[in-house]
Structure formats: structure tokens, C-alpha cells
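Trainee: Please take one part of this model and go through its surroundings closely. Then set it beside the packing elsewhere in the chain.

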Amino acid sequence: MAQLPAGIRFIISFSRDQWYRAFIFILTFLLYASFHLSRKPISIVKGELHRSCAAGNEDGARFYSQSQKASDIPSHQLPENETDCSWAPFDQDNYQQLLGALDYSFLCAYAIGMYLSGIIGERLPIRYYLTFGMLASGIFTALFGLGYFYDIHSFGFYVVTQVINGLVQTTGWPSVVTCLSNWFGKGRRGLVMGVWNSHTSVGNILGSLIAGYWVSTCWGLSFIVPGAIVAAMGIVCFLFLIEDPKDIACSSSLVTHSKSYENGMHRFRLQKQALPDEKKLLDPEMQCLLLSDGKRTVHQNHIVTLPADGGSSTAAISFTGALKIPGVVEFSLCLLFAKLVSYTFLFWLPLYITNVDHLDAKKAGELSTLFDVGGIFGGILAGVISDRLEKRASTCGLMLLLAAPTLYIFSTISRMGLEATIAMLLLCGALVSGPYALITTAVSADLGTHKSLKGNSRALATVTAIIDGTGSVGAALGPLLAGLISPSGWNNVFYMLMFADACALLFLIRLIHKELSCPGSATGDQVPFKEH
């Protein structure tokens, strides 16, 4: 018998379940990357909407563009013909406030809608819900760009478009996190979701490059093309997304100890069945997290297993019930400030680079992608460290502690030249995006399968929506505050960001203390966010 080709041997070396898991991993990665791809154009186009105006102030903050050298003349003294290249109504002195209001309208709608999205998402098929959101998001992203072709100068038009787009985009996050958590068990969750969460940075990078390609010639296409991509991915979602492994008789765990899989969260069942050697199963972290009063160990019958389908455990959890899960409130408030910093960079970094390094909108957009490159490494690093140390809160706390002084250094040396800006963009991206990525993925999934839920696998969408929704409040405030503060000087914007990082760290102090006080991992009734 002839030897099988190397390619075929590689294919059959993986099981059917493994191939399905890899497929869902890649598909959900691409689906949410397309969401972020459609959010990035507004930050790239800002420099074009107010292209030829030089804004002066006492602190020396000025706007530069490719077509005009820096000027000491305040913008309100410029002749009218020098503002012709700007797009009304963003050709006025208050253009930064108007641009900040556009960001705020999108992110405020996103934050409000996120609280409702998780509750709705639990009660609808994920595939249909996510498909609708992607198609609608594609339409309203493109609609913003049509304002260029139809010569629309109404500020209200752009605000309404942003608000509706923010609402429909809330369908994305709870859906993809729930789907991925259904397919992957606890094993190496930090690493798996750390790699997976790089979709945020990948989407931002692609969005920057696509929007930057047309920004100087036809900025309307900077929105229409990403909108078309999101809508196309919505069709792909409808055709190929498998919500739960049980739909095709697959296992959700990376371990294959059990022969039967009846539940949405199989890892509970697997842990109980793989218990001939109890000590081997209950590693230091698990033993610590399963202590009922900090003194007694937990035996086999204390490990939560999911009941069969159709039980009361499949009922959707209430909003207040999700808030009572230990760790949800602390991580939600931490994410509020962490996301404030991240989204301020997302929406204002290209304009800051244009201002400081005197680059045009296209080059500033391309350079800003380095922040997202750093974010990819930061998210993966946070996942690996938290898996190795078995301490999610402590990992976030360490990165937040390092991020604040790094932001100050960035604000100082970024004015020294392009090389310094590149290096600090990579470092800041890693430290700012690491905690944000860890909380929105692994921590949300951990909390969404907490033992107090008694095996209710449908609670994950609500828990995820609460955490990300609270974080989105910060995401809405950050760009708005940047728009209000930046006229007084970019240094003040960085002081605001450093203060936000300090607040994020403050909300994790209690959880960090409990983690560190547990020998080898965590203590007693410590944050059970890794308990399954």
C-alpha cells in the first residue's frame, strides 16, 4: 500500500472535533475583526474633514496637513478660502468638539445598547442575531460615506448614522464570545482567547489601511468599502456559523475523557467524569477557588455539573442576578477605565500623530497601526501570564501599573521624532490593550460560567454584555473628553489617560489582594472567575 501524502497525513492527524473548533475559532475571529474594521475609518478621516485649518492655542497645539505648513495664526482669523478643503460643518473653530461628539454618539449608543444586547441575545439564535447586526452595521457604515458623494453637510445626519450604527454593533461581542466559549473549555483559556482577541487589533489595522488608501482622494470610500466587508461577513456568518458543538455532536472540551456530551458547557461534565484521581484534577488554583469557607476542601460532589437540556438551568439569567456574581462589578468598573484609554487611542491617535509629527492623514493612519500591533502582543502576553500564574486580576493590575508611566513617557518623547514615536506606540499598545483584552475575553467567559449559576450556560451572553457594556461607557467618555481637553494641549489628554489607568487599577485592588493571599494561586472564597 502506498504511503499517504504528507498533506493528507497532516489532515487526518487531527480529529473531527479539532477541525470544527479550529474552523469556529477562525470564523469568529474574522467576524469580529470586520466589526472593528468598520469602526476605524472615522479616526482616519478626521484629519481630512478638517484638513487645511491650523488651530493655535497658548500651549502650542496646532493642526498640520499635507497641503499647508504650520501657522501661528489662530483658526478663527483664517480667511474663508483657507477652509475650503475642510468638510462642513467640521470647518469651524470647534471642529474638535464636533468630532468628539461623533465618537460619543456612536460609543454612547453602543454602551446603552450593550446592556440590552446580551439579554436579547440569550433569547434568540446567535447565528440569526449576529447576521442581522452585521448586515445592519454594513449599511450604516456605508451610509456615513455616502454623505461625501451626496454632498451632505448636516451634522445631524452624521450623528444619527453613528447612533444607529453603535446600536446594531452591540449584537457582535456577546454573540461571538458566547459561541467561542461554547466550543472551548477551560484549558488554556487565557492563551486561546488572548490569541483570538487579536481580532481587535487586526481589524483596526485593516480598517486603518483600507480607510487610509482613499482618505486623501475620496474619503467616502473609506466608509463604504469597510461597510461592504462587514455586510459580506454577515452573509458568511449566516451560511457557516455553528453556535454550539452539540448541534453537530461535537465536544466543547480540548480533553476527551467522556463519551457522552449532553450539555452546552461540557467541561463541567468532563471534570466530574475524569475524577478517578481527584488530586490530579483539583490543581492548586481549582482547589483554592472551590474552597467553600477558606478552610475545608471540596469533594467530588461539590463540582458543578450541568443538568440535561430542558431543565430550569437553561432559563436566561436576570440582569441583577448577573451583577451578583462575584467579580462582575469589579471587573466591569475596571474595564470602564481601561476601555476609556484604549478607545481614546483608537479614535484620536491618528490626529495626535498628525499634530505632533506633522504628517498627513494617510501617513498618520498607517503609523497608528503600530499601536494595534503592540496590542496583539499585549493581549497574547496577558493570556499566557494569567494562565501560567492562574491570576487574572493580578495580571491586569501589573499591566495597568506599568501603563500609566509609559503613557507619560510617550507624551514626552513622541515629540522628539518619528523613531521615538514608533517605539512607544508598540509598548503603549501592548500595555494598554493587554488588560482590556483579558477582561473582555477570558475573564468574561470565566465569570459567565461561575458556579453560582448552577450550570446555566445561557448566562454567558448577559455577563459578557454587562462587562463590555460598562466598559463601553468609558469608551464613550474617553474620545469625548479628548475632544474637549485637546484644545488646551495634548499633555492634558495624557494626564486624563493616566488618571483613568490609576482608577482601573484601584477597582482591582480587592481581587488582587485575595489572589495574592492564596498560597500558590488564590484563596478561600476568592474571585471564582476561573471556576468551572
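Mentor: Setting aside neighbours within four places in sequence, Thr-395 is in contact (heavy atoms within 4.5 Å) with Ala-382, Ile-385, Ser-386 and Leu-438. The model is predicted, so local features need pLDDT of at least 70 and side-chain atom pairs count only at pLDDT 80 or more, while totals for chains, interfaces and linings use all residues. Residues are numbered from 1 along each chain as its sequence is written, and side-chain values use heavy atoms, with hydrogens and water left out.

Thr-395 sits in helix α17, residues 392-413; helices are DSSP runs of H or I, at least four residues, numbered from the N terminus. Thr-395 is buried, at 4% relative accessible area, where buried means under 20% with a 1.4 Å probe, protein chains only.

Now the packing elsewhere. The largest nonpolar core has 81 residues, and Phe-345, Leu-407, Phe-410 and Leu-497 touch the most other members. Helix α15 (residues 328-357) gives the most to this core, 18 residues. Such a core is a set of buried Ala, Val, Leu, Ile, Met, Phe, Trp, Tyr and Cys residues joined through side-chain atoms within 4.5 Å. Beyond its neighbours within four places in sequence, Leu-407 has contacts that include Val-341, Phe-345, Phe-494 and Leu-497, as well as Asp-501. A second, separate core of 29 residues includes Phe-25, Ile-126, Val-177 and Trp-196.

Asp-91 lies between α3 (41-49) and α4 (95-122).

Technical notes:
Buried < 20%, exposed > 50% of the residue type's maximum accessible area, 1.4 Å probe, protein only. Helix = DSSP H or I, 4+ residues; strand = E, 2+ residues; numbered from the N terminus.
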